[in-house]
Amino acid sequence: MYNFSMQIPTRIHFGKGAVSHLPELANYGKKVLLVYGGGSIKKNGIYDAAMALLKEAELEVHELSGVEPNPRIQTVRRGVEICKSEGIDMLLAIGGGSTIDCSKVIAAGAKYEGDAWDLVLDASKIREALPIFDILTLSATGTEMDPYAVISDLTKNEKWGTGAPCMIPTMSILDPEYTYSVSKKQTAAGTADMMSHTMENYFSMENADCQKFMAEGLLRTMIKNGPVALENPDNYDARANLMWAATHAINGIVGDGCSPAWCVHPMEHELSAFYDITHGEGLAILTPAWMEHILSEKTLPHFVEFAKNVWGLTGDDDWALAHAGIDALKKFFFETMGIPANLRAVGITDDKNFDIMAQKASKATGHAYVALTKEDIVEIFKAAF
């Protein structure tokens with residue numbers, strides 16, 4: 001196990017009616033920027049509930065709506081401008097990972113003299129941020145309890161992750177009932193996203209039994225509850241287990257002490273940057289192709305553990321077990337959860353951008369579980385095509 005330092009300062013309020021804690025924001029100032037996406041929170045009643053509680057707390061609310069599924073730097077800039085011109089004290093994001101990620105960079109940009117894109121390209125420039133609060137409406141990214149954010153500039157076909165301790169949310173409200181209205185597409189993609197976070201950590205663990213066994217438990221939780229939430233959207237227990245599993249997949253509990261560079265996420269970020277596809281779907285398509293590419297004598301034992309401990313498979317032939325584990329993942333993603341099975345199915349009709357995408361992604365994959373070159377990544381893209 002590698003050395004690590006951990007601090008998770010986010011205060012979590014989990015369960016039915018947890019939104020009642022929203023007046024606690026009054027302890028951090030008087031002006032709040034409410035950030036949300038396309039307006040679904042107004043249809044499902046979350047907006048009205050939140051506004052009533054903010055009014056009760058005598059908070060002055062300013063709004064930024066229209067955050068995109070892959071949040072744009074242009075939207076971040078609009079938010080930063082509101083914060084600076086109105087003297088905003090804190091941000092409240094209501095939504096999924098995109099909305100919270102956008103809010104995090106707005107919060108840091110409000111404390112920065114230059115352009116917010118600087119903070120995306122160079123996280124070392126993030127020194128402070130306004131307090132960030134959120135009401136989670138989609139179980140997927142785990143951003144409600146981590147310091148990271150991913151922002152895109154599609155005019156440049158760029159999508160980058162950034163992060164700093166000051167961007168960890170101060171308080172997150174997690175009510176599983178707020179995820180009942182999530183579509184089947186997003187429920188499936190969110191499950192794939194949280195599974196990918198867990199597997200990015202799992203396939204890099206060296207002598208970290210504690211993290212490994214927790215990761216296996218999280219994956220089994222996601223595999224059990226994803227299909228239930230898909231078929232029965234109002235199943236509280238399924239939604240609750242997915243919500244809490246997604247949070248733990250990336251808050252450091254299973255990653256700290258064991259994880260070098262991730263590799264599937266940098267590849268998917270290029271897909272989203274060039275084609276603006278759904279992040280979780282891209283991860284689901286790429287992950288089995290990556291697994292098949294890196295399966296070797298060296299990695300075989302880890303894939304055997306994956307097959308046995310995650311999927312419950314048995315057998316004496318290790319190679320057959322390893323392939324069976326990968327096949328089980330494919331079946332889960334593409335049949336059980338109904339996620340598109342290849343890049344063509346999400347609208348990518350040619351391979352003309354694979355070289356430049358692979359070149360950019362390879363800058364982050366040289367120290368991964370299995371180091372990937374540009375050529376490796378091109379082959380993975382082609383296998384997923």
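This is a predicted model: local features need pLDDT of at least 70, side-chain atom pairs count only at pLDDT 80 or more; totals for chains, interfaces and linings use all residues.
Figure 1. K156 is partly exposed, because its relative accessibility is 45% and the partly exposed class runs between buried (under 20% relative accessible area) and exposed (over 50%), using a 1.4 Å probe and protein chains only. Residues are numbered from 1 along each chain as its sequence is written, and side-chain values use heavy atoms, with hydrogens and water left out.

**Figure 2. A salt bridge between K159 and E268.** Here the closest N and O atoms are 4.0 Å apart. The pair links distant parts of the chain, with K159 in strand β7 (residues 158-163) and E268 in helix α9 (residues 264-275), 109 residues apart. Helices (H or I, at least four residues) and strands (E, at least two) are DSSP runs, numbered from the N terminus. Are these two residues buried or exposed? Both K159 and E268 are buried.

**Figure 3. D146 and its surroundings.** You will find D146 in the loop between β5 and β6. With a relative accessible area of 2%, D146 is buried. Which residue does D146 meet in a salt bridge? The partner is K104, at 2.8 Å from N to O. K104 lies in helix α4, so the pair ties together parts that are 42 residues apart in sequence. K104 has 0% relative accessibility and therefore counts as buried. The side chain of D146 also reaches the backbone nitrogen of Y148 at 2.9 Å. Leaving out residues up to four places away in sequence, D146 touches K104, T141, M167, I168, P169 and I250, where a contact means heavy atoms within 4.5 Å. By comparison, L59 is 87 residues from D146 in sequence, and their C-alpha atoms are 26 Å apart in space.

**Figure 4. Helix α3 and what covers it.** Which residues of α3 are buried? They are I73, T75, V76, G79, V80, I82 and C83. Their cover includes the strands β2 (31-35), β3 (60-64), β4 (90-95) and β6 (148-153), along with the helices α4 (97-109) and α5 (117-121). After α3 comes G87, which has a positive phi near 65°.

**Figure 5. T187 in helix α6.** T187 belongs to α6 (residues 184-202). T187 is buried, with a relative accessible area of 4%. A polar contact of 3.1 Å joins its side chain to that of R239; such a contact is a pair of N or O atoms within 3.5 Å where, within protein, one must be able to donate a hydrogen and the other to accept it, and residues adjacent in sequence count only if both atoms are side-chain atoms. Setting aside neighbours within four places in sequence, T187 is in contact with V182, G226, A229, L230, R239 and M337.

Figure 6. Rings of Phe, Tyr and Trp (its six-membered ring) pair if their centres lie within 6.5 Å, with planes under 30 degrees apart counted as stacked, over 60 as edge-to-face and the rest as tilted. F14 and W244 are edge-to-face, because their planes stand at 65°, with the ring centres 5.6 Å apart. F14 is in strand β1 (residues 11-14) and W244 in helix α8 (residues 236-250), 230 residues apart. F332 and F333 form a tilted pair, at 6.1 Å centre to centre and 50° between the planes. Both also belong to one aromatic cluster with Y202, F203, W290, F303, F306, W311, F334 and Y369.

Key. A salt bridge is a side-chain nitrogen of Lys or Arg within 4 Å of a carboxyl oxygen of Asp or Glu.
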